[in-house]
Amino acid sequence: MVGRKIISFIQEITESLYWIQGENNATFPYCHTYLYNDDVLIIFDPNCGKNRLKKGLAQLGKTLSDIDFVINSHFHIDHIGTNYLIKKKSAAKFLIHEADRIAVENFDAYVARYGMDRQLEPQWRATLKMLGYKEMTPDQTFNEDELLPGNFQVVHTPGHSPGHSCFLKSQILLSGDIDLTSPWVGNLSSNVADYLNSLKKLKKLKLNMILPSHGVPIFDNIPHALDKFYQRFLDREEKIYNLLPNHPVTLDELTKRLFRSYSKNQQKQLERRQAFFTFHFGKISCLNFLQHLELNGKVKKIILKNEEYWEKIE
């Protein structure tokens, strides 16, 4: 365990890197925020909560106006929701991976990535606005292996989103939503195969610590933690496969089977985190795992009476 000095609710990770714990234990719509305070002031994923961010900066003798760069790991609202506030209060430059650029600069493109139906989409749009979404054109986009301000190296890790990226410096990885908790691919732009390949990429790195956007930082036995998270994907996929009956089933029917298989406590946690969008996110997650199973020749999609069904390939 690396020694860390605690300043209020901010923890000093290194001499120039700080962790502000996200509100509500960094569950949606919040995330952990990391501050790099050296020759420049960089904020990684600033959505820890507006008051926490301001107080955290104050502990370092800084204000929002002092921020030089905001670097987002990906486009999701629980990471970008505070961007516009910082833009109004500072001259900060905003950076995100090129593959997620369209979602932060175009609201319709953002919404389309979630595949909401006509009933849910208006509620989702209103929720996003309430949580702080505003169209913004990034000042800079980045790609794999680029060096960013502060000498952080981009490690492009698609899967959670097309542009999801981690940031590496001195064997410390800011891992975004590769948080080693529960696999989340509940977005039409998520991709299980990409996610698994990204985890394989991270397993090749020599790391001393992983600093995620949710969950808790990992300082010990990192290879084991990555292996365990990888296995969770395989276990989730196997569960979905085993829930397929011996006859064609719709995506809605399969998702209901999956939700019924959860414990009451798991169901409550899902409801608390994602409100009435829970079933939709679960359905899209199921779809992404089915598409990966299809890619591996284990299931196939068929059309019956103009409706999509899924079935096992025996």
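Me: Does D108 count as buried, partly exposed or exposed, and at what relative accessibility? Please take the salt bridges around this residue as the part to look at.

Reply: D108 counts as partly exposed, because its relative accessibility is 49%, where buried means under 20% relative accessible area, exposed over 50% and partly exposed in between, with a 1.4 Å probe and protein chains only. This is a predicted model, in which local features need pLDDT of at least 70 and side-chain atom pairs count only at pLDDT 80 or more, while totals for chains, interfaces and linings use all residues. Residues are numbered from 1 along each chain as its sequence is written, and side-chain values use heavy atoms, with hydrogens and water left out.

The side chain of D108 meets that of R125 in a salt bridge, at 2.8 Å from N to O; the term stands for a side-chain nitrogen of Lys or Arg within 4 Å of a carboxyl oxygen of Asp or Glu. This pair links distant parts of the chain, 17 residues apart, with D108 in helix α6 (residues 107-112) and R125 in helix α7 (residues 121-130); helices are DSSP runs of H or I, at least four residues long, numbered from the N terminus.

R125 is partly exposed at 23% relative accessibility, and R125 also forms a salt bridge with E121, whose closest N and O atoms are 3.0 Å apart. E121 and R125 are separated by about one helical turn, because they are 4 residues apart in helix α7, and E121 counts as partly exposed at 27% relative accessibility. The structure holds 9 salt bridges.

Conventions. Helix = DSSP H or I, 4+ residues; strand = E, 2+ residues; numbered from the N terminus.
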